[in-house]
Amino acid sequence: MDTMKLEPLSGRVRFFSDKAVTGSVWGKLIGNLFEKIAKRCESASTDTVIGHIKGLSLFTGEKHIRVSVISGSYPADIESSDGLETDEIEFAINVIVYSLSAKRLESLFKDELRSLQDQTRIKTRIEQLSTQNQIHPKIHKKMPSGWNNTK
Amino acid sequence: MRLIVITGFLGSGKTTFLTKVARRATQRGLKVGILVNEVGEIGIDDQFMKQLGLNVWEILGGCVCCALSADLISTIETLRNDYQVDIILVEPSGAADPKAVLSIINDFDTGTFSSKFQIAIMDALRIEMLVEVLLPLTTSTIENANLVFINKADVASSEQVDYAVETVKSINNEIQIHKVSMKKDLSSSLWKELDKWIQ
């Protein structure tokens, strides 16, 4: 059994649009970005397990946009308060993926931000990005392939 | 002072549930302290809860089950000594080992808590994958819990929900299991059960 690597990536990214759009549109855009990152992570290694890819943007008046993806196979879970409209938004982002190195995760993340810029009118700026090399105890060990508790 | 520890893998619905419990306890006049642990260095859940006006203490950048266990205890001590809260809600990171977290709390607890309750939240959509690749973590989550929620029962298939129930039973046959959707309101009968541990 190999210990499963867990090296989280977290940061703050600012997104810019050439016109003000609603919170719902921002939520879908970020959700789509996270779904693509999840799919890239899963295709990078057969051992990859997405913990979550989660983002939050807060506004005055208890308003927020919250986006979460737990797998490349399921759509993003998006919460967006009513009445939001802005051309610029900052997201706190937390990417937890087992079995990919922080370096690989960072590279995938930046690649997808670049693709977003190339394919849309959205511009992005990374305000902060941190990675951790974290060793966890044996509880995070992967079971042999095909092992099933119910057998 | 009562303690509720809410465990479950990443993305299982812990924060959504914790927010519901915190609001209910606050509405009943209880002083609530929330301790949230995230392995990333930038917190998401703590910021969200603070935005909702809840009293949140965050432990970021590692797991309270291992590297940051001392922070877990010192934060509990702060909540007890400086804030005199009635109830502490703890949400360890979804990557944390619940057994280790409870062991750390039990080693510290010499009569601090009048009750301790662990609620495990299992994601019906992902429990099969978790059993396959992270069985020790899944087992630790279920075998130490007092109550298990099978979350996302509204969007999972009946086969996925049945599998989740059978998996939980295979690890802990005595435990109470409730199928829920944390996105929706919990039933009054379920709240009645939870109220025993909240107030």
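1. First, the ground rules. Residues are numbered from 1 along each chain as its sequence is written, chains are lettered from A in the order in which they are written, and side-chain values use heavy atoms, with hydrogens and water left out. Because the model is predicted, local features need pLDDT of at least 70 and side-chain atom pairs count only at pLDDT 80 or more, while totals for chains, interfaces and linings use all residues.

2. How many disulfides are there over all chains? The count is 0, where a disulfide is a pair of cysteine sulfur atoms within 2.5 Å. Take B:Cys65: its closest cysteine sulfur sits in B:Cys66, 3.8 Å away, so that is too far for a bond.

3. (Buried means under 20% relative accessible area, exposed over 50%, and partly exposed in between, with a 1.4 Å probe and protein chains only.)

4. Now the backbone. B:Gln84 isn't a glycine, yet its phi is positive, near 45 degrees. You'll find B:Gln84 in the chain B loop between α3 (69–81) and β4 (87–91). Helices (H or I, at least four residues) and strands (E, at least two) are DSSP runs, numbered from the N terminus.

5. B:Lys152 also has a positive phi, near 65 degrees, without being glycine. Look for B:Lys152 in the loop that links β6 (147–151) and α7 (158–171) of chain B. With a relative accessible area of 16%, B:Lys152 is buried.
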